[in-house]
Amino acid sequence: MANTKETLLVTLPFEPFLESYEKLKKLQPGLDILHYKTADADIVPPDVWGRATIHLTHSLFARTREQVPRLRWVYLYSGGINQALHAPLLHDPTVHWTRNSGVHAPQIAEWTIAMLLAHFRQVPQLLKWQASGTWHSADYRPRSDLLGRTIAFLGYGAIARHTARIAAACGMRVLAYTLHPKTTAAERRSTTFTPAHTGDPDGTLPAAWYHGDLDTFLAAATADAPIDALVVALPSTDRTRQAISRAQLARLRGCYVINVARGDIIHTNDLVEALNNGVLAGAALDVTDPEPLPEGHPLWTAKNTIVTPHISGVSDEYMPRTIDILHENLTRLHEGRPLINQIQRSEGY
């Protein structure tokens, strides 16, 4: 057990997670936890800001270093960091910044596989027939099963790795694309939080790894066989925003596209066009651009498309897994070891 002399300030728009906090206090004796259900920095008293050594938050940040003289570590409650890109202390070298990578992996992987199976097994059509109260077995047109199909991942972090694990168990061929080279076994090994029995921690599942230019990847990956499913799991950065537009979608003819990253990685108008013109087999989108998706937007009614309101990461296990990361990183902090899930500040994720 560590003997923690730290003050954890939690600013989240939720009621206190009392059971989880008690668990963390048992693991880290001496830890003081102060919870404020607020998104307003002025609600937190100045003396509390002054005491905080660790700040768990989504989008509320200290305005100056003087406001938080003891702060050592900011822990983002989300996997993405877009809301923190303009935080005043993001580039302060004296403050560690981490994100909640890995916390979302089990539930988002389950959502992704559910959407994939819904498409291949035509669940939306079956539900329509059930709602009509009529028997349509003669009208059911078979599609391929997942065995032997190819699934490609744009981004191979925690979410993609666990989705790949399940897809591989279904007999799918896995391809991985990353923004930076992953040519050695050490580079392919995951450095983020990975719950037991999940993911691809050693990076051994992909049949092939690609990096760099997205068009080069799509050309190489589809040279011998089509990509049957594409999972978008990249961070939204200047490099990735609008990276998938008409030209890239044309290379994915017949593909089922799943986006669990950010809506702005795919050009929305081009996506709607590709869906309605039959270029793509369909799409499952938990994120959209714009978001929230306005009533009457053409994406709602695009052909063979499932849209869900950014809920794939919701789970009762979200905070318990967050506590696991807090415990791990508190221990590392006191032992002088690198924290897991560190933000790549220069890359914007």
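Does R72 count as buried, exposed or partly exposed, and what is the relative accessibility of R72? At 31% relative accessibility, R72 counts as partly exposed (buried means under 20% relative accessible area, exposed over 50%, partly exposed in between, with a 1.4 Å probe and protein chains only).

The model is predicted; local features need pLDDT of at least 70 and side-chain atom pairs count only at pLDDT 80 or more, whereas totals for chains, interfaces and linings use all residues. Residues are numbered from 1 along each chain as its sequence is written, and side-chain values use heavy atoms, with hydrogens and water left out.

R72 forms a salt bridge with E6, with the closest N and O atoms 2.4 Å apart (a salt bridge is a side-chain nitrogen of Lys or Arg within 4 Å of a carboxyl oxygen of Asp or Glu). E6 lies in the segment before strand 1 (7-11) and R72 in the loop between strand 3 (54-57) and strand 4 (73-76), so the pair ties together parts that are 66 residues apart in sequence. Strands (E, at least two residues) and helices (H or I, at least four) are DSSP runs numbered from the N terminus. E6 is buried, at a relative accessible area of 4%.

A search of the whole structure finds 13 salt bridges. Among them is the pair D238 and R241, whose closest N and O atoms are 2.4 Å apart; D238 is exposed at 71%, and R241 is partly exposed at 30%. Salt bridges that share partners also join R246, D270 and E273 into one network.

The protein is divided into domain 1 (7-101 + 316-335) and domain 2 (104-307), with bounds from an automatic or database domain assignment. The C-alpha centres of the two domains lie 32 Å apart. Ten residues of domain 1 are in contact with ten residues of domain 2, contact meaning heavy atoms within 4.5 Å. Zero salt bridges are counted between the domains.

N341 lies in the segment after helix 10 (318-335) and is buried, with a relative accessible area of 3%. A polar atom of the N341 side chain lies 2.8 Å from the backbone oxygen of S101. Leaving aside neighbours within four places in sequence, the residues in contact with N341 include W97, S101, F193 and I325.

Methods:
A polar contact is a pair of N or O atoms within 3.5 Å; within protein, one must be able to donate a hydrogen and the other to accept it, and residues adjacent in sequence count only if both atoms are side-chain atoms.
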